[in-house]
Every structure is written in C-alpha cells, then in structure tokens.
2 protein chains.
Amino acid sequence: MTQQITHLQLEEAVKRSPRKWVYLFSEGNAKMRDLLGGKGAGVAEMTNAGLPVPPGFTITTEACNGYYEAAKQFPAGVWEQVQMALQIIEQQTGKGFGKKENPLLVSVRSGAKFSMPGMMDTVLNLGINDETVQGLVELTGNERFAYDAYRRFIQMFSKIVLDTEPRDFEAVLDRYKEQVRVSSDAELSASDLKKIVDEFKQIAELQSGEPFPVDVFQQLHKAIEAVFSSWNNKRAIDYRNFNKIPHDLGTGVNVQMMVFGNMGDDSGTGVAFTRNPSTGEKVLYGEYLLNAQGEDVVAGIRTPSKISRLQADLPAVYQEFQEIANRLEQHYHDMQDLEFTVEKGKLYMLQTRSAKRNASAAVKVAVDMVGEGLISQEEALKRVDPVQVYQLLLPRFNDEEKWKARQTGRLLAKGLNASPGAAYGKAIFNADRAETLGKAGIPVVLVRPETSPDDVHGMLVAKGVLTARGGATSHAAVVARGLGLPCVAGCEDIRVSEEEHLFRVVGSNVVIKEGDDISIDGATGEVFAGIIKAVDADFDKELDLKTLLSWADQHRKLGVLANADNPRDAQRSVIFGAEGIGLCRTEHMFMEQERLPVVQKMILAQSKEERQAALDQLLAFQRDDFLNIFEAMINPKTGEGYPVVIRLIDMPLHEFLPSYEELLVETTRLEIQGGHDAELKEKQKLLETVRAMREVNPMLGLRGCRLSLLFPEINLMQTRAIFEAASLLTARGKKLHPKIMIPLIGHVNELKEVRRQLQSVADDIIPQNRIDYQFGTMIEVPRATVIADQLARETDFFSFGTNDLTQMTFGYSRDDAEGKFLLKYVEGLEIPGLKNKVKILPVNPFQTLDREGVGRLVAIAVEMGRRARPDIELGLCGEHGGDPDTITFCHEIGLHYVSCSPFRVPIARLAAAQAALSNTERDK
Amino acid sequence: MTQQITHLQLEEAVKRSPRKWVYLFSEGNAKMRDLLGGKGAGVAEMTNAGLPVPPGFTITTEACNGYYEAAKQFPAGVWEQVQMALQIIEQQTGKGFGKKENPLLVSVRSGAKFSMPGMMDTVLNLGINDETVQGLVELTGNERFAYDAYRRFIQMFSKIVLDTEPRDFEAVLDRYKEQVRVSSDAELSASDLKKIVDEFKQIAELQSGEPFPVDVFQQLHKAIEAVFSSWNNKRAIDYRNFNKIPHDLGTGVNVQMMVFGNMGDDSGTGVAFTRNPSTGEKVLYGEYLLNAQGEDVVAGIRTPSKISRLQADLPAVYQEFQEIANRLEQHYHDMQDLEFTVEKGKLYMLQTRSAKRNASAAVKVAVDMVGEGLISQEEALKRVDPVQVYQLLLPRFNDEEKWKARQTGRLLAKGLNASPGAAYGKAIFNADRAETLGKAGIPVVLVRPETSPDDVHGMLVAKGVLTARGGATSHAAVVARGLGLPCVAGCEDIRVSEEEHLFRVVGSNVVIKEGDDISIDGATGEVFAGIIKAVDADFDKELDLKTLLSWADQHRKLGVLANADNPRDAQRSVIFGAEGIGLCRTEHMFMEQERLPVVQKMILAQSKEERQAALDQLLAFQRDDFLNIFEAMINPKTGEGYPVVIRLIDMPLHEFLPSYEELLVETTRLEIQGGHDAELKEKQKLLETVRAMREVNPMLGLRGCRLSLLFPEINLMQTRAIFEAASLLTARGKKLHPKIMIPLIGHVNELKEVRRQLQSVADDIIPQNRIDYQFGTMIEVPRATVIADQLARETDFFSFGTNDLTQMTFGYSRDDAEGKFLLKYVEGLEIPGLKNKVKILPVNPFQTLDREGVGRLVAIAVEMGRRARPDIELGLCGEHGGDPDTITFCHEIGLHYVSCSPFRVPIARLAAAQAALSNTERDK
C-alpha cells in the first residue's frame, strides 16, 4: 500500500464493482442528497466550494440498501472502494490510517436524505490502537489528550458497535475519579487514562466475547456496519413513522478525517446559524467552546459562549467563519445551520445544512431574502411550511421568559408537540373539576393519563391539555387541534396519578399537585412548572406574514373561504383573508341556550298550530342570525357582500332532545320510588317519543335532506329567514350573494324536490332578480359522487363535505373509529410475534384527505359534474380544507375554492399558492 | 264526401301532414306495439291474418304525444287522416257514419304499449244521435236495442268526455225502474228508454253547459281527445309508477266498427284463454253470455257459461273459434287471451293478447310448447318470470278452499304481500309465547304491530308473520323472506293491541284474540279467519320446473351458489341446484344458545388464560360446524366437495353482550332498592364493559377485519377450525375447496396483514398442497371498490357484499332507513300543495341493486380488479343475489357467480339463463 493511489484507480475499482459505492467529498455535490444523504451532500458541496472541510468520503445510501438486501453483508466492491478512498485521504492529508507516524483518525457518521437528528449512530476517533495512540502522543505532544481520545473511542465503539452496557464504563470512570478525588473526567491524568484504557479493553472483551479490535480496518468495517444497522433501529423507525419518512431510503456513511477542538485555547468547536432561528434576524447566532470536543458541548458541563464572543477570542477565525457563513447563504440561497471545529487556529467546517427555524423566523427570513435579492417571491412562498403559519396566530410564550424558566430548572418534561400554542393555568386532573373551575374563569390546564370523549367537556373550557400517553393522533391531540387548543401529548416523562390528583416527573422528585400552576408549549412539547407569560398573536402586526400572504394571493388559483357559523367567526375570517363563507352550519344556532326549548317544542308539537308557533319563533331567531352574518361579510368599501354558503339543517332531530339513557334511568327511578305519577307519565311519554326517534346508526339515518323531505317546514323556515334577511339588506342598498346548500343528497330526485321547494320560497319573497342567490348541494354521500352529472344539472355548485364522505367511504364512524381502532391503524398495531408495529393507514384520513379512495371519488365527481355543467362551482368544506396536502389535491383536481376554519385561512392561502407553484413547475 | 276514398288518397293526406298519424288495421302488425299500442297491434295482426275482425283504424301513440306537446291540440293532419280512414271503413262496411241508413257505430278505445287494464278510457256506440238511432231501429228491427244503445252512449260519453256526475244518470234509471216496478235495466221498455234518452241529454247539457253533441264527428273528435287525456289521469300515472312503465310512451286510440252481442240468442260475447291459466292444461278456458254486451259480463247480473258449452249453443261458431284460437297460438307462439263477440251468428274477434298466467301454468305452458314444437327452449326460458318460480316452492292454499273462505266472509283484511307462501295457525301476539307454543309443535302465526330483532326467536318457530305496520322492506318482511316464511306486513286494516293480546279489524266488529286460528297468504296479502288448508310444495315433483331449470343451466353463464349457515340449509341448497355455498356466515353459529355464554366469557375474559379457555371451547364447536357443512356439500357420486365460502366473524363484539339499556335499568333499580351490593357491583362492572364497547354507529364501527386486526385470536381460531375440519375429511379421501373470506376490507394493508395471519395458520395445519383452499375478500366498503386493483393483487376472489355496500354508498342504515324514510322514498312522499306523490327512488335499493350508484362502484371494482389480476374470481353474495334484475346486472358485468338464499336458487338459475339469452340477442 505504499504505492500512490489515484482517482483513476478508484474509478477502475468502481468498474470492477456492480456500481460506484463510494464518493470522495470532492466528487459529490448538494444535489446528490438521495445518494449521499444530507450530510454527505453538504460536505461535498462545501468541499467543492473550496471551504475548509476535513477530507473524507461518503458510502452511498445504495450501499446501505444493498447491505440489507444481501442479508447484512457488504455488497461486492464496497469494501474495496472504501479502502481505496481511504488511501486517497491518506495522500491528501499526509497521514496514515493505522500508522504510528502521523496517524489518521476518522469519524464515521450516518447521514440520511432527511435529517434524523440523534436517531442513528456515530463513531469518533476511529483508528486508535496501542500503536497509533503513541503516534498521537508524539504528534500532539499531549499524552493526556491522546489517551483521552483512546478511552473515548473504546467507550463509543463498544456501545455502538459491540453493543455493550455503557454503565460498566461509567463505573470505571467513577471509581478512578473517586480514587484520585476529582469530580470531572477532564481532571483525570494521562496515567489514570492509560489504566482506564486497559480496563475498558477488558470490559469490551468480557462483554463481546472477543478481544477489542486492534486492527484499524476491522474497526472501520465494523463501524460502517453499525451505522448501516442503525438505520433500522427502533428509534429510527419510530422517528420515520412519525415524520412520514419512507423506510427504504437507507443512510449514507461519512468517513472523515478527525479534527480536534480540544488541543488547547487556540482550538474549539461550535455550532451556529447564519440568522437567528427564533426571530429571523440577520445576525450570526450560535455558541462555541474553546478547547473542547463536540461531546463536551452536548454534555453541558461547561457553559458555551455566544458566537459573537469568538470575535474577541479568535478574531481571524471569526472573520473567516463570518465570510464562510455569508458565502454559504449566497450559495444555498437559504439560512444555514453550521458545525465547525478550530484545531490549533485552523477553522474546519464539519457540516452545513438548511437551518430549522421557528414560524416567525421562517416568515421573516423568507421575506427578507426576497428583499436581499437572494430568492424570488415564489421561492419565498415555498420556504414556509403552511402549518407553521398557524403557530403565528396562536398565543406564544415570551422567548425571554421561557429562556429564564429553562435556566431556573422549571422545564419539567418534554412530550409530543401535539397542538401548537402556549397555555398556562392550574393543573387539574379531572374533566369535571376542570369544567367547574374553567367556567368560573380560572385558567386551567387539563392533565390526564390520556383523554377520551368523556373528557371533552373539560377540554372545552381548559386553556391547554397535557397527556402522559398517546401520539400525535391520539384523542387529546385530535380534539385539541380541532379546538385550536394547545396540547402536549404522550409526555412519557410524567406519571399521572388520577387518584392522587398529581403527576410525578420521572427521574426527579418533582411532583405537581392539583392546583399547582404549570405552563405548556404545544409548539415544542415543553412542560414548565409555574406560569410563563404568553403573548397573544396579533395578525395585524405580523407584517412579514401579511406580505408573504399577499404574494400567496397573487399566485394561488384556489379561492379560500372560511367555515363560520356566527358573526364573530365571520369577522375573524375576513381579517384572516377569507373571501367569503364556504360553510355556515345552521344547527349550532339551534343548539343555543335560548333556542333549544323552542326547537324541542317544534319537534314535540302535538298539533299543527303548536308546531307553527315554534317555527315562527325560530324564523325570527334565524332571520337575525343571517342578518348579522351577512352584515359581517359586507365589504365596507364596496357595500357588496362576500359570498355566504349556508347549509340547511343537517342534524337528526333526536339530537335536540334529552338523552334516551337519562330518561330511562329517570323513569325507572320514578317507577320504583312511586308517588310521582304526573311526572312519571310525562317522562314516560317523552321517553317513548325519544325511543321512536332513536336510531341504530344516526350517521346513516334520518337527517339532512331526508329530514327536509319528510318535514319540509324546517327547511322552508330557514330559506325564508335567509331571503328575508337578504331582502332587508338589499333594501338598504347592499349587494348580497347568498348561497343555499342542501346536505346529504344521494339521489337526484331528492335534489330536484328540495330545490323545487326552496325555489318556491325564493319566488315568494324575492322581487325579480334583485338578489343574486344560488342553490347548491353538498357531495358527501359516496353515491353522490358517481351520479354527479345528474346532480350538476340541478344545481349551481357542489361543495365536497369530506368529513362525512370520508366516514362513509371508509365505513368509519368518526365517533367510534378514532378511539377504537383508527389511531392504532395510523400508529401501527402490535401483532403478537411481529417485531415491528403494523401500520394500516399512512395518515389519519380525517386530517388529510385519502387520495386513493375518497380522493378518487371526489375526482370522479368533479369530472362528471363538470362534463354535465362546465360552469359548475366546485369547493371543499370539510375539515380537510385547512390541510396543506389536501389543498394541493384540491388545486390539482381544479376545485374553485376550499373552506376551512378561520384560523386556518392563512394556512390555506399559503398552501394554495404552493400548490399552484409546484404545478407551474411540473408544467415547465 | 260521397266520393270513393282510397288508400292512395289517405297516403296523400299523410304526405301533407308532418307524419302518418293513422293506420288502418290492415296496415299494422304485431311488431308495431310502440306505435299502435298493444291492442292496435293485436287487431292489426289478426286482420292481416284474415281473422274476422270488425274493421277500424288506430291513431298512433305519437299522435298522443304530439297532442301533449301541442298543449292539448291535435297535431296537424291527425283529424284529416282520421276522417279519411273513417271513410275507408264506411266503404269496407257499406255503412255510413252519421247516416240514417245503415249507420256506422264505432268504439273508441285506448291501447298503450303495455296493458294497463281499466286505467284509461273507452267510449262505445259512438255515432248515435236522434237521426241515426232511427236507422238502427230500421236496421235491426229492434227499437229497444237501439234506444238502449243510445242511452248507454250518452251515459258513457257524458262520464268520459263531458266529465259529468255518473250518479245523476243512475238516479234517472232508478226512478224509471221504480215507476214501472222492475228491478233491472234490461226490463225497461223501448218507450221508457226513449224518455230516459231525453232526460239524459238534458242532464248532460245542464252539467256541461252546452247541448249534447248531435254531430257524430264532434262526438268522435271529443272522444279521441278524452282517450288521449286519460293517459295522464291520476289512476294511469299511479299504475305506471307502480309497474315501472315510462310516462312518455303515450296511448294509441282504436276506432272500430261496433258489433253487437245483444241482438238475440244467435248473438253473444265472451272471453277465453287458449289454455288453462291456472294449470297450463291445453284446453280452451273461458266463459261467455248469449245475447249480451261485454258490460253485462262484467256487471255479473247473469252467470256466464263455461266456454265448452258454446259447442252446444252455437256449434259452428265454437268450431270457428277453436280454429282461430289454435291459429293465434301458432301465430304468436304463445298462449292467448281472447275477446270475441257473436253478432247474429257471425263471430268477430275483438282482441288477442298474450295471456296472463300463474306460476304453474307459466312453467307448464312453456315446457309443453317446446314439446309441441311451438317454441324453442330458449324462448321457453324467457317466458317464465323468475319471481313466479319462487311461488312454486312455497306452501300454497288450495284454491277451492280459499274461494270458499272468501264467499263465507272470512277474508278479514289485506296487507302487503311481503313474503310469499301460505300459513295458518293460532294468532299469537308475543314472540316468547309463540316460541313456547311453536316448540311444542302447535302451529302459530305471530302477530305484531311490527317486529324487531327481539321478535326473531318467535319468528323462527312461527308458520307465518302478520304485522300492522311496516312496508315491503320492514324488519318483518326482510327477516321473513330470509327465512322463507310467509308474511303479510303493513296490514293497516287491523289494529293490534299487545296488552289485550288481540287485533281488531278496522270498520267491523271482528276481533281476533290470542289463540284464535287465522290463515295468511303471503303471496296476496290476504288475512283470513280460521284455517285454510295449505298444500306443501315439493320441488322434486315439479317436473316441468325441473325440466325448465335444466335448460336454464345449459344456457346460463353465471354460477349460482347459496347463502347457507348450517347443514340443513346447505342440503336444501343442493336440492335446489346450488353449485356451492357462496356465503356461510359464522356469527349465527356464535349466537346459538349453548355457545353464547362461551362467547361472552371470551369477550369478558380478565386474563389471557380465561380467554384462551373460551376460545378452545369455541374451536371445538366451530370445527364441528364446518365439518357438518363440508359434509353436506360433498357430492356423493364424486366424493368431491362443492366450493364453500366461509366468512370470518363480522359482527361487533358488543352484539353478543347483554343490552346496555337493560343493564342501565337493572343497576338503577338495584341502586335505589339497596341491599344487593354484590349483585349491583357485578352488574355495574358489566355495565361499564358494555358502555365502553358501545358504538354510536355500530355499522361503521369496530367489526369485520378491524376487529380481527385488534383481536386476532377469534379469526385464528376460526381459520384453525376450518382447516382442521377440512383436514379430517381430506384424510377420509374427500376433496375439498374451502374458501375463507375476510369481511369489511377498506385498505389494502388490512387485507395484507389479515391474510398473512391466516396463511400462517394454514401453513401450520395443512400438509403441503393437500387442500385446495383460497383466501378472498368481501367488497362492501365503498373505498374497497376504488382500490380494487390493490386488493386483487392480494387475494384469490372478491365477493360483493352488496347489503353493506348499499348501506354505505347511499348512507342508509338499513335498521333506521327502512322504517323512517326509505319506504316513503319508494312509495312516494306526500308533499303539501302537490297533487301527486313525489317518488324519490324507483325501487328499494336493498331489494334490487341500484345500478347507477352502487352498480357503478361494483363495475369499477370489477374492471380494476380484473385488470390487476385477470383470473380473479368474482361473485356477489348480498340479498340482491336472488333478485332477477340484479342477476342480469351481474351477468352483464361479467361476474362468475351470484349467491342467494336456498329458496331463491331456482329463481337465480332461471334469471341467469334469461340474462345470458338476452345478451346473446344483443350480440346478434
């Protein structure tokens, strides 16, 4: 191996192999993420940009996949190419791998296409043995440093590669520290470390059953294998499942010359962002430690300095680093997250990648970079995750306050960031008590082992929810997101005792008792003791966001409307940029306290007159409802109303009556106790009525247009209220666009008849052509999708009610499925005899529209409907309307608009723009 | 108009018109039913065959439609062509229309494409006025006859054309009869009738506001208009709705020379079938009256004679008639229903049409005609309505006995003919008592206001079921049809009092008390007091039917399998010609009395061991179940088993537990009463379990494969039982074809995982390749239809579960919909302000597969499934499998088989053959 190895020889070795498995950093570039992984592609790009990167090479993700295909054997040629690449590195560095003189030490790191921080394995300082350690001593003149590197290597290699018990090594270190009466590893002397190295080697041999490898090539071979294997460790699989990363990508392996930040005060190591990842401010942000290795920064024994202090410590290095940071931003047109090491005054760049940033920073950086000419508006729009935008609209903790809380040890635990937003309040361990206190105006955070539908009344008044169990799609998470309620779920660091009304923090003595103040950050999953002040979001002050959304509006093709059932939500939706109301549900109006008795009177009426009296009362209520909503939706500048789609009553009537079970218990009690004959008789009568109206499957029962066909008077009353309200405003000079939507249509004859009835009301009330109204139908029954041509001929618009459509297409009752099996379907089922959980569904179809099933039906309906009536207006108004993936789908199939909850309107605006942009790209 | 008119002139008149509106009988033929209507085409065909038909002509159905399009005006040319045709008739008969000498009288009759007996209007004796009546007197020498014809004409014309009140005319007749002290119209003298004619004319003038028309052309014009209008009278519309006849066909109008059967004892009128319509025997069957008009036969004042007596009365006429009847059968290749009149010894044929016949006759005539060489086997197969065949397999009342019961006033009421068959027994008003008596061998008819699942145990032992409420798809009707149990449903003529154990007959004093004998005819809906003897059907003795079905088997392409859950049904299905079991449901087995407690133990088990013990017990039961079914399905000749498709458990587990409501009442009672702490605690625990398992929409909940994925042990036990049973029989030298079917698949991952589990059981039990088994899936969730390609790659067969697929595609819960709105949807809704009911659905989609919605999805699945896996086996196993329309659809989309209840297997065999034949015809 004394011979000079050239790239040409490496290429020849490649020709002998099935493919090229190994790329020198100088051979790669940023576009090769698939093949080299993110880290490999990043260092390659930096290398080629002439930045100071320690030389090295990357083993491809294909090699990793080949390793699994070959039943955990290196595919042919991998090892040969690795050895050759290593020789080229030796030539470049003048160092020798396994050589006593000027020994080459390398790091072996994982690096997949998508960053999976901390999930896979890394081995540092590889290449040390009893011989090379001497070379290291000679080279550095620092025996302590050399033996410390040696013991670190054995410790790390044993844990990662040999799978030994880490505690045994710790015990040895502890013993030596006790013997020499020091408290930190750093205080151990070179001679201590020598002895420790010997003991470590014995432990490794004892536990692995073979001598600790002295052959550096054997070390390297095993370390590469270990990294390949770590792709499929449980942690990594769970992470990929959670982040929807495919399991067949494989990881790259980066073998790189070690550089040492712990070689004195002219050395150091650090991490930095090119801009502030919390605020987006354009200033270097990060921290470093002089005379330290990366591990030390993580260990947290010494407090790192802010990056700005490097200017004083090592001015030349700082300036070089600053220049490099700027060059990398220019190069990548994005904010970067950098790792660097300084070895004896020389700066080495170890990693660059697109920086993670919070919502504020994402928006500001994107908008700023457009101003700086770094990126286009289109690019800026693509840079911001629409879901992040949502966070900007929720209360957040003051950063300073949160930092202080962390510094003072008040960070108790970290769970899943299940529903964003900040909340503080008294920890309450029971939904009933939470309800009582919440209604009394006391802020509470509901804390439960996990939640069930029985807890919802507590959630409704809580400021936030914390659960110890359950994932991102657990009941708590799903309900909280629906309510816009901050939620930290599956917080395994706490143990909740319902009986004792408290939770304990695992691994500490901290106990939070009922009534104690806590704060939770749903965006990060953090749980704090005590109160951290939260700042309410003010959309109007989010100037960068407003700029970004104004660009989005220019690019998107999809309209964005809001689901709003009352004037408050209507106003809010306009502030958030909605172009109208896409779904105004009328049943919530019926449920309001003062009205419910009237509704019940109507349902239970014994005579036509009694019923009519109740209907007349409701007419007055409803006319006001619609008047107020229409008014809220009038553009003050033009006096013209945004379109408002009002859905006629959809709920089964029995939902307005008392519960059957309660009545049953009541009558049973009265029967047994005796002596309440009049009351009993009345209750029995009511019980009979409710019994007769009960349904086995109310979801599939008498509701929507079915109800209207059997009892037309409710629909007629609502239609009258709508047109009377519209007429009043029209008389005041406003121009309105009410749209009446008929729910649950399954057969064209239903639509024809209901529409005929509504038309007759319209003809009755509206003077010729004075109001621009439309009739439309929801498409929510699977049958409606395949007869959409017939329906289109009878109607002005379709609105896809994808909640119900999903329920019926899957045959999932949402009330039952989510608790009973759906979450398990998404998270994976534990099957006896199988190691991995079996995932049935990729995502919860109630959150993201199921393209291949429900989406297929929607697409069929769009195509049929449009063929029958080219000008039909098409929208979607399920909860999916605020989901970016679904919005992309809606754009692709050519809907005119989506409608979502007011808070989600900004998300939808951005997501719609992104969909339009990615479409444009595809068209190119 | 004295000029001779020729056909040529008529043709020229046609050329001047937009089209030919009028066809002389000699211009038409039997194939012109669309244009001339059934009656017109029939008399035209007879005319051209040289049979003695009074001359006439037909105004086309197109003219009728044109009349409506022109807002109730005759289209241009109609009247001109009518007048010319009339002149040709005058020339043919030597009579003159409106002429005093030898006046021509005509009948004006409706006649649509499809027979609508009695629904539309007819005017006889048209052409009479004060002048022509004299001619009639002179011609016949019979003044009484002439004036009787005149008054009949005025009476009929006034009612039909002038829309006057018929009772006023009757009152006049009654007054005269009283004056001259006679009791029948026939006894009134010529002078009475003259006066009556005068009074009638006055009444007509008074009521219509204008003089009674003396112009015979005016009479004719108005009569034709009246017939056109009668196409859209309410009666006719309802009839067409009920019989699924389109509303845009229009009616023809037949204008024909009157002949008179009431001109003495050498005259007469009658109706006859060419064969016996009850038995199919080849002998003239019918009746006639001498010296009478058709009306007199209908009026029933005189008793008609059997047709065979005509041989003695008018031998020459009888012989001619016999010959004509034979000729018509030969001509039409079908049994005919004939109307004739004899005028002074001359026989006139007035109508011939295909004869209605009952099930026995239909089968015998079809098979006989093949023997006679009149029709082919293919034609015979098309002649029999598959639904009629069903009736041949059920007990029937002896016709004579039933007639007697009617005569003696024992017919109590008439309800819906919900499930055919005859039954008699003691009326019992409660399912428990019915069960007790039924098990004691006493025949009972269960009588309920309506039935629910709580009544099924009573239905199982009853001979028949009678309900006061509910339609053709009510619980009672559906369950009864499933059980092959006679059922009269929705009998609104009775009021059932559960408390008093009796029913009252509305509008009478009759009360039927518990224990009284009653008889019900499920084929007609009749309810009788007392016992009427029923004759059991014996399939083996239905030789003609068996012959017909053997022909069917040669022609059909669809396989016919049976739904059978136990050995008895399995055996029966083989007798009826099933080629295997297409659906063996396993939940019924779980419900059996001795097993339910074990099933409950399994569900409620507190430990793994407890659960396994229950499962082991169930395994033994199930192994026996499958062993017995497999044995019943082994062909004794070959030792080979027919295919048996076994569906794994589908029901939600909570259906095996006690009712939540009962437990609620129970615990409430125990709580209030106190002192039963142990029992209360146990009940409360059970209540909690049941509460936790309850579902809002069980139809869309935790069942089918969802249950199996969460609790695999039940499926694994069942699969083990199936393969162990199959192995036992294989060891005995039998060759089996078990097929295991996985229910409720909605996502391909469900199928993959369940199949993997089942496969592991199979691999465990079955020695290599010794049993030819398959795994398949039900397609019953809408989503499954649009991902059928994915499913096809994982499975050997699809079976369309169209019951659930219909529920989910429409969003109809069958339990709720049928009672609450579905029947109204089918029958038509009464909408305030609308004259006609509004029909939403053409048929009940649970009886006949909804082609345009559910069928569309099925077709999509077939196409996708086949593309992904060309050899996939495709069947249908919903209740629709026994419905002829659905079977046609299944044939058309190329399924391999249908599976239906054993009793319906013969229907399916015939319907499948018909589908294949009609396909062959289309291909020609």
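UniProt positions are given in the numbering used here, with shortened feature names, and the annotations may be inferred rather than shown by experiment. In this predicted model, local features need pLDDT of at least 70 and side-chain atom pairs count only at pLDDT 80 or more, while totals for chains, interfaces and linings use all residues. Residues are numbered from 1 along each chain as its sequence is written, chains are lettered from A and ligands numbered from 1 in the order in which they are written, and side-chain values use heavy atoms, with hydrogens and water left out.

**Chain A as a whole**

The C-alpha atoms of chain A fill a box of roughly 105 × 70 × 55 Å along the principal axes. Chain A has 37 helices and 35 strands; helices (H or I, at least four residues) and strands (E, at least two) are DSSP runs, numbered from the N terminus. Of its 924 residues, 57% are buried. Buried means under 20% relative accessible area, exposed means over 50%, and partly exposed lies in between (1.4 Å probe, protein chains only). Among contacts in chain A with a separation of 6 or more, 67% join residues 24 or more positions apart, where contact means heavy atoms within 4.5 Å.

Domain bounds come from an automatic or database domain assignment. For chain A they give domain 1 (7–257), domain 2 (268–358), domain 3 (394–535), domain 4 (559–652 + 701–808 + 871–916) and domain 5 (657–694). The centres of domain 3 and domain 5 of chain A, taken over C-alpha atoms, are separated by 40 Å.

**Annotated regions**

An unreviewed UniProt entry places the feature "domain: Pyruvate phosphate dikinase AMP/ATP-binding" at residues 34–71, 72–318 and 319–368 of chain A. Two of these spans are described below.

| Span of chain A | Helix | Strand | Distance between end C-alpha atoms |
|---|---|---|---|
| Residues 34–71 | 63% helix | 11% strand | 22 Å |
| Residues 319–368 | 48% helix | 34% strand | 23 Å |

The unreviewed UniProt entry also places the feature "binding site" at A:Arg585, A:Arg647, A:Glu780, A:Gly801, A:Thr802, A:Asn803 and A:Asp804. A:Arg585 lies in strand β27 (residues 581–585) of chain A, and counts as partly exposed because its relative accessibility is 24%. Apart from neighbours within four places in sequence, A:Arg585 is in contact with A:Asn563, A:Asp565 and A:Arg647.

A:Arg647 belongs to strand β30 (residues 644–647) of chain A. Its relative accessibility is 9%, so A:Arg647 counts as buried. With neighbours within four places again left aside, the contacts of A:Arg647 include A:Cys584, A:Arg585, A:Met741 and A:Met778.

**Helix α21 of chain A**

The expected span of a helix is 1.5 Å times one less than its number of residues. Helix α21 (residues 543–555) of chain A has 13 residues and should therefore span 18 Å; its end C-alpha atoms are 19 Å apart, which agrees. The buried residues of α21(A) are A:Leu545, A:Leu548, A:Leu549, A:Trp551, A:Ala552 and A:His555. Seen down the axis of α21(A), these buried residues fall within an arc of 155 degrees, so they line one face of the helix. The arc is that of the directions from the helix axis to the C-beta atoms. The face of α21(A) turned away from the buried side carries the exposed residues A:Leu543 and A:Gln554.

**The two chains**

Chain B can be laid on chain A with an RMSD of 2.1 Å by a turn of 179 degrees and a shift of 0.6 Å along the axis. That is the relation of a two-fold axis. Copies are superposed by least squares on the C-alpha atoms of residues with pLDDT of at least 70 in both. The same surface serves both copies, since 100% of the contact residues of chain B recur in chain A.
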